[in-house]
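Visitor: I would be grateful for a close look at a single part of this molecule. Please treat the pocket and then the charged pairs in one connected account.

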Amino acid sequence: MFLVAFALHVLEEAPEFTAWARRHASERYTQRDFARNNALGLGITGAATCILARSSPRRRVFCVYYSTAFTQRALFNTVFHAGTTIAWREYSPGIITSLTLFLPLWWRLTRLALDDGLITRRGAVLGSAVGGTIHAGAVAQQVFFIGVPEARRHG
């Protein structure tokens, strides 16, 4: 379900995100950046989801998936889009799927994982801290180009 939500999210972003990012993040952001970032995101998420699905329900495997793939994209992508919609008082391409798909999926999976003992409340909080840190770093480098040398931006 998460991969489908992610694909729908990319489809929502595709027509307008590059222009939005050029206005609010970096004039250097291109459609090529958008395609690369989302292809990598979908590929990594797909691979992580397959690894999780093929493993028996182990807490460590789930916690790594929850922190690095799921929470950073589902929860903090929603935070990003909601925050930027509020900050710039305009539609942030991706806000609709973030709020209607990502956030409910994150909430449901977190509740199920807590109920099944795959994660503790402390683990959910720590996983969210890790996911938020990863997402902030990814947005800083991939959208705002903070800390990315010029030669590597479009090389």
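Guide: In this predicted model, helix H1 (2-13), helix H3 (31-54), helix H4 (59-88) and helix H6 (121-142) each contribute at least two residues to the lining of the largest pocket. That lining comprises 24 residues, with Asn37, Asn77, His135, Ala138 and Gln142 lying nearest the centre of the pocket. By class, the lining residues are twelve nonpolar, ten polar and two charged. The space within the largest pocket amounts to about 460 Å³.

Turning to charged pairs, the whole structure holds three salt bridges. In one of them, the side chains of Glu90 and Arg23 meet at 2.6 Å, N to O. Glu90 belongs to the loop between H4 and helix H5 (95-116), while Arg23 belongs to helix H2 (residues 17-24), so this pair ties together parts 67 residues apart in sequence. Glu90 is partly exposed, at 26% relative accessible area, whereas Arg23 is exposed, at 52%.

Helix H3 contains another pair: Asp33 and Arg36 are three residues apart there, about one helical turn. Their side chains form a salt bridge with an N to O distance of 3.2 Å. Asp33 has 0% relative accessibility, and therefore counts as buried; Arg36, at 33%, counts as partly exposed.

In helix H5, Asp115 and Arg111 lie four residues apart, about one turn of the helix. The closest N and O atoms of the salt bridge between Asp115 and Arg111 are 3.5 Å apart. Asp115 is exposed, with 55% relative accessible area, and Arg111 is partly exposed, at 28% relative accessibility.

Terms used. Residues numbered from 1 in each chain as written. Predicted model: local features only at pLDDT ≥ 70, side-chain atom pairs only at ≥ 80, totals over all residues. Heavy atoms only, no water. 1 Å grid on protein atoms, 1.4 Å probe; cavity = no way out; pocket = protein on both sides within 12 Å on 5 of 7 lines; lining within 4 Å. Points joined across faces, edges and corners; volume = space filled by probe spheres on them. Nonpolar A, V, L, I, M, F, W, Y, C, P; charged D, E, K, R; others polar. Salt bridge = Lys/Arg side-chain N within 4 Å of Asp/Glu carboxyl O. Buried < 20%, exposed > 50% of the residue type's maximum accessible area, 1.4 Å probe, protein only.
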